[in-house]
Amino acid sequence: MSQKIIFTNDVNQAIEKTLDGVDYNKLFVLTDINTAHFVMPKFKDTLSKNGVIDITIKSGDVNKNLESLSHVWKQLGENGATRRSVLINLGGGMVTDLGGFAASTFKRGIRFINIPTTLLSAVDAAVGGKTGINFNGLKNEVGVFNEADTVIISTLPLDTLPIEEVKSGYAEMLKHGLLSSPEVFNKLLEYDFQDYNPELLLDLLEESVNVKREIVRQDPHENGLRRALNLGHTAGHAFESLAMKRMSPIPHGYAVAWGMIVELVLSHMILKFDSSVLHRYADYVYRNYGAFNITCEDYPELLSLMRHDKKINSGEINFSLLGSIGDVKINCITDEDDVKAALDIYRDLVHI
Ligand SMILES: NC(=O)c1ccc[n+]([C@@H]2O[C@H](COP(=O)([O-])OP(=O)(O)OC[C@H]3O[C@@H](n4cnc5c(N)ncnc54)[C@H](O)[C@@H]3O)[C@@H](O)[C@H]2O)c1
Ligand SMILES: [Zn+2]
């Protein structure tokens, strides 16, 4: 994998250095309206010095669509971008996904640099080469695997991010901790959201990104091991969809944090995952994320949502589970009674 990842809180210097090493004719920066307002001013001088041309799109996943993509292509074209041009994506996962796809397809592909501005995009979306847009009512329906040349990861942009967004991204870090080692996981459980510490967060972020990077290195196109990154997501997506049906959406990472409780319970039931780790994790999640409310009347709907999770091949419910921290087993087929029992235990663990 040739992608370069820089972890730094001196982003301006990292931008300078990165651009010094790239031979380009025109430089573009893609933002959404929020990152244009909150983040761009932090890097404006450095980018202007390099003659950057701004492209801005509307914010939010609903705008990760063909219309925004076409706007980016148009702006690139009308401002004279060629295959020797470079696009910097400065934003959350919405911007890095869409900008990565725009760059990968414009003139059959121009180089791009990601500067993630949400914790979720830093730890997940900006790294690993998945790019794309939503289409025809379906998430990430059209896209390509193509990595950014360089990803500059920093906690500097995060100070304007709502705390819910920070916690949402942190859930993916907890997932990486569980896929990695007790040392990494224990450090993550010590992090205190009340005591914002950008340097410590950057260190944790580096460890976490390296976990994803290693998994992606072994399975870049999601043929097997990369499904480990689905930990927490089968139950998490079901919670997310149920919340949507109730017309009260929850952040993706919160759904994953709660979904991981269900899946660690299943890991304990099926693979003898250590129950003391499960309890420590559930306690951390309850204290920091609260609980997603469900009753046994929701079980049929949740089971049906889990069965229809798009990453599942057949009608069975299929999870990525853990034998222990760092020991993941993909494609664990479970029966419905076990899932119902795990949902009962989830409710006990989050006190509902
Ligand atoms: N490619 C992948 O592997 C991958 C992985 C996970 C998620 N994703 C995608 O990522 C997207 C979600 O990413 P996200 O959670 O970063 O959402 P997002 O990019 O929509 O950002 C969330 C909100 O925060 C705002 N924002 C961003 N940075 C900010 C900052 N520093 N200060 C203030 N506001 C800021 C955005 O404008 C937006 O309103 C989804 O489209 C999802 O499909 C992709
Ligand atoms: Zn996720």
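Analyst: A term to begin with: a residue is buried if 20 or more other C-beta atoms lie within 10 Å of its own, exposed if 12 or fewer, and partly exposed in between, with C-beta atoms placed from the backbone. Also, this is a predicted model, where local features need pLDDT of at least 70 and side-chain atom pairs count only at pLDDT 80 or more, while totals for chains, interfaces and linings use all residues. Residues are numbered from 1 along each chain as its sequence is written, and chains are lettered from A and ligands numbered from 1 in the order in which they are written.

User: How many residues of H5 are buried?

Analyst: Twelve of the 13, so H5 is mostly covered. Among them are Met94, Asp97 and Phe101. Helices (H or I, at least four residues) and strands (E, at least two) are DSSP runs, numbered from the N terminus.

User: And what follows H5?

Analyst: Lys107, with a positive phi near 50°.

User: Which residues come nearest ligand 1?

Analyst: Asn34, Gly92, Gly93, Met94 and Thr118, out of 29 around it. Helix H2 (33–38), H5 and helix H6 (119–125) each give two or more residues to that shell.

User: Switching topic: what joins E6 to E7?

Analyst: Five bridges, and the two strands run antiparallel. Phe135 has Leu138 of E7 as its bridge partner. The strands form a hairpin with two residues between them, and Asn136 in the turn has a positive phi of about 60°.

User: Why is E6 largely enclosed?

Analyst: Because five of its six residues (130–135) are buried.

How values were computed:
Near = placed C-beta within 6 Å. Pairing = 2+ DSSP bridges.
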